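Dear colleague,

I am passing on the structure we spoke about, and my notes on its salt bridges and helices follow below it. Please keep it open beside you as you read.

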Amino acid sequence: MTTIKLSFRNIKKSFKDYAIYFFTLILGVAIFYVFNSIESQTVLLDVTNSTHEVIDLMTNMLSGASVFVAFILGFLIIYASRFLIKRRNKEFGIYMLLGMSKRKISMILFFETILIGIISLAVGLGLGVLLSQLMSMLVANMFEADMTKYEFIFSSQACIKTIIYFGIMYVIVMLFNTVNIGKCKLIDLIQTNKKSEKVKMKNPMLCTIVFIISAIALGYAYYMVTGGINETIKPPEDIFKPIVIGAVSTFFIFWSLSGLILKIVTSMKNLYVKGLNTFTFRQLSSKINTTVFSMTIISLMLFVTICVLSSALSLKNSMTANLDELAPADIQLEKRVLNEDWLDQGYNEEQIKNSKLSIREILEKFDFNIDSYLEESVEYNLYQTEELTFGDTLGDNWETIKNTYTSLIPYNVADDINVADDIMTISDYNKVAKFYGNEEYTINEDEYIIVADYDSMIEIRNVALKDNQEITVFGHTLKPKYNECQYGFVEMASNHINSGIIIVPDDIVDDNYIVYNSIIGNYYTDSLDEQREIQEQIKNLVNNPISLEYNLPSINSKVDISEASIGIGALVTFLGLYLGIVFLIASVAILALKELTESTDNKERYNMLRKLGADEKMINKSLFRQIAIFFMFPLLIAIIHSIFGITFCSYIIETFGNEQLLPSIIMTAIFIVVFYGGYFLITYLSSKNIIKENRNAREY
């Protein structure tokens with residue numbers, strides 16, 4: 001009982017010093033509960049079956065991510081325990097001087113860990129339950145669900161999962177503490193404040209050479225991911241090369257700067273000898289010198305956080321923002337027209353013959369009149385011929401494009417430019433454009449237009465168009481009407497996928513080369529339930545065994561596109577938030593704990609400054625500068641990495657639209673300011689409290 005009382009009193013007495021530890025534990029528990037309770041929060045939402053499938057996928061992925069998150073938080077808790085033990089070395093030494101055994105000290109730490117675990121779990125779960133109600137509203141809003149059935153939700157499954165995961169972490173901490181106490185020697189515990197970490201001074205010339213080489217290597221990695229002339233990043237196999245180069249270069253950047261900072265500052269006499277700057281910069285140099293690996297890991301974690309949050313939020317915003325523009329009709333039916341070449345792929349002659357029927361003709365054979373459900377519609381055909389490939393439209397410009405626009409070329413196109421381009425008559429395209437509300441065009445008998453909405457491919461095609469590249473199609477030679485692509489599309493989607501359709505005069509096409517027949521329409525009804533019922537009827541036709549003799553159309557509807565976009569956007573957003581916030585907390589908590597450890601080790605040095613006449617204002621100013629620079633250093637490197645990382649991510653998410661990237665970056669910056677600023681403030685206040693201890697004891 002005495003041991004338990006002593007443990008409780010120790011926690012109460014050192015609560016201010018434990019603020020970072022408690023704050024991190026509570027946040028970790030709350031975030032873990034919130035994201036693992038999403039499944040319970042979505043049970044009562046009134047959504048469609050397809051949306052429920054997306055939600056199930058999202059919860060499964062979040063559950064898998066929780067295992068990874070548990071490892072990160074477990075590492076963080078063990079790291080924090082090192083700080084707490086080091087913080088109390090002298091206290092443990094006094095216990096041993098008074099006759100307390102190491103086993104007894106281990107029992108004190110055992111009960112303290114249990115008490116800390118109970119308190120952090122209780123407060124964290126309480127906070128998590130409250131935050132999960134806000135998360136319920138966010139989930140409902142993202143999935144556009146009916147909130148009429150909303151009620152206060154407590155997820156017992158998420159609670160049990162949180163207790164089990166964090167319970168395992170605390171058990172590991174107990175074992176870790178027991179082993180550490182067993183290795184302690186009395187002389188080391190008593191003299192802990194008098195011992196200073198050995199710091200080997202680095203050769204400035206060597207540091208300069210390493211810094212220059214690392215900077216060049218880092219620049220090369222940046223060059224690769226943003227489109228180096230002779231480097232093509234082909235996801236996913238080649239992306240690891242710049243990642244490894246960037247990570248290693250970051251380590252050596254920190255290693256070299258740790259030896260150069262003091263040398264640079266000492267050469268600036270007016271700055272170095274001002275106030276306590278001599279002490280401040282020597283302390284800072286020592287910290288960075290002894291935390292090169294930690295600073296590297298923190299910087300890389302912050303880099304991942306910035307890229308993940310920015311890209312995830314941008315992807316979600318772009319997908320939802322594009323719906324009205326890229327899915328302007330209610331439904332689109334599309335059917336492939338087969339030719340004799342499909343005999344080698346398992347189709348018979350009857351199926352090939354039937355595929356040449358139009359969509360309306362095929363549906364009528366099943367007594368289904370699509371026009372009875374549509375208020376308005378248009379029909380169009382797409383053509384393809386081996387006579388006109390993607391490479392043919394580029395002509396002699398391919399080598400120039402390949403070497404200049406490496407990062408813009410989709411890797412499947414880079415490997416094969418002989419894929420046939422889609423061809424469409426000007427009258428068919430104008431019918432679709434008018435139906436969608438897009439611009440209509442006119443061309444002469446010897447002209448063609450390329451319409452596209454995929455930015456990278458537009459840039460590539462414009463090279464050939466500006467060179468007035470002529471094409472030959474169905475025996476006719478055509479010249480471009482415009483020296484750049486025109487905006488347009490025919491297939492509804494949630495993102496920009498049209499890499500180019502060749503628009504030609506009506507008279508030159510050959511109907512034997514039709515590859516797709518499509519119908520676009522708007523329903524008579526605005527009821528989503530009735531629209532889904534019509535789509536279900538068509539889907540039942542497609543799934544009918546008799547339909548195997550016919551190449552029935554696929555369905556692409558605004559409702560399905562909307563639900564898929566919202567679902568994918570939500571999945572990416574929640575995964576991004578979960579991992580991003582955890583990475584951010586882990587990074588800044590490690591920085592904070594390292595700084596608190598340094599403050600504990602340097603109490604005697606600050607006391608010596610007071611004896612030399614430094615007042616509290618000067619000391620606090622020195623402490624503030626040390627912590628501010630120590631916090632900003634890895635963040636600055638991470639921000640530089642992120643500029644190029646986000647640029648690379650923008651290539652990947654380009655089809656979804658990059659116009660929403662700036663708001664996402666601003667939102668990410670707000671996250672970082674809140675969490676980073678909060679931890680910085682707590683660290684500074686806690687460090688001030690630590691370095692004042694000796695002064696108070698002396699005055700007493």
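Lys-431 and Asp-428 both sit in helix α20 (residues 426-436), three residues apart, which is about one turn of the helix, and in this predicted model their side chains meet in a salt bridge with an N to O distance of 3.3 Å. Lys-431 is partly exposed, with a relative accessible area of 38%, whereas Asp-428, at 10%, is buried.

Lys-479 forms a salt bridge with Asp-446, their closest N and O atoms being 3.9 Å apart. This pair links distant parts of the chain, since Lys-479 is in strand β6 (residues 476-480) and Asp-446 is in the loop between α20 and β4 (447-452), 33 residues apart. Lys-479 is partly exposed at 38% relative accessible area, and Asp-446 is partly exposed at 34%.

A further salt bridge joins Arg-360 to Asp-371, with the closest N and O atoms 2.9 Å apart, and Arg-360, Asp-371 and Glu-379 are linked in a network of salt bridges. Arg-360 counts as buried because its relative accessibility of 19% falls under the 20% cut-off, while Asp-371 is partly exposed at 29%.

Turning to the helices, α23 (residues 558-601) and α26 pack at an angle of about 20°, with their axes 9 Å apart, which makes α23 roughly parallel to α26; their crossing is right-handed. Helix α26 spans residues 661-691 and contains Ile-666, which is partly exposed at 46% relative accessible area. Together with Leu-662, Ile-665, Met-667, Ile-670 and Val-674, Ile-666 forms a nonpolar surface patch of about 550 Å² accessible area.

Technical notes:
Residues are numbered from 1 along each chain as its sequence is written. This is a predicted model: local features need pLDDT of at least 70, side-chain atom pairs count only at pLDDT 80 or more; totals for chains, interfaces and linings use all residues. Side-chain values use heavy atoms; hydrogens and water are left out. Patches are made of residues with over 30% relative accessible area and no salt bridge: like charges are joined within 9 Å, nonpolar side chains (Val, Leu, Ile, Met, Phe, Trp, Tyr) within 5 Å. Accessible areas come from the Shrake-Rupley method with a 1.4 Å probe; for residues, only the protein chains shown count as cover. A salt bridge is a side-chain nitrogen of Lys or Arg within 4 Å of a carboxyl oxygen of Asp or Glu. Helices (H or I, at least four residues) and strands (E, at least two) are DSSP runs, numbered from the N terminus. Buried means under 20% relative accessible area, exposed over 50%, partly exposed in between (1.4 Å probe, protein chains only). Axes are lines fitted to C-alpha atoms, for helices over the stretch in contact, and angles run from 0 to 180 degrees between N-to-C directions. Angles under 35 degrees count as roughly parallel, over 145 as roughly antiparallel, 65 to 115 as roughly perpendicular and the rest as oblique. A crossing is left-handed if the near helix is turned anticlockwise from the far one by less than a right angle, and right-handed if clockwise.
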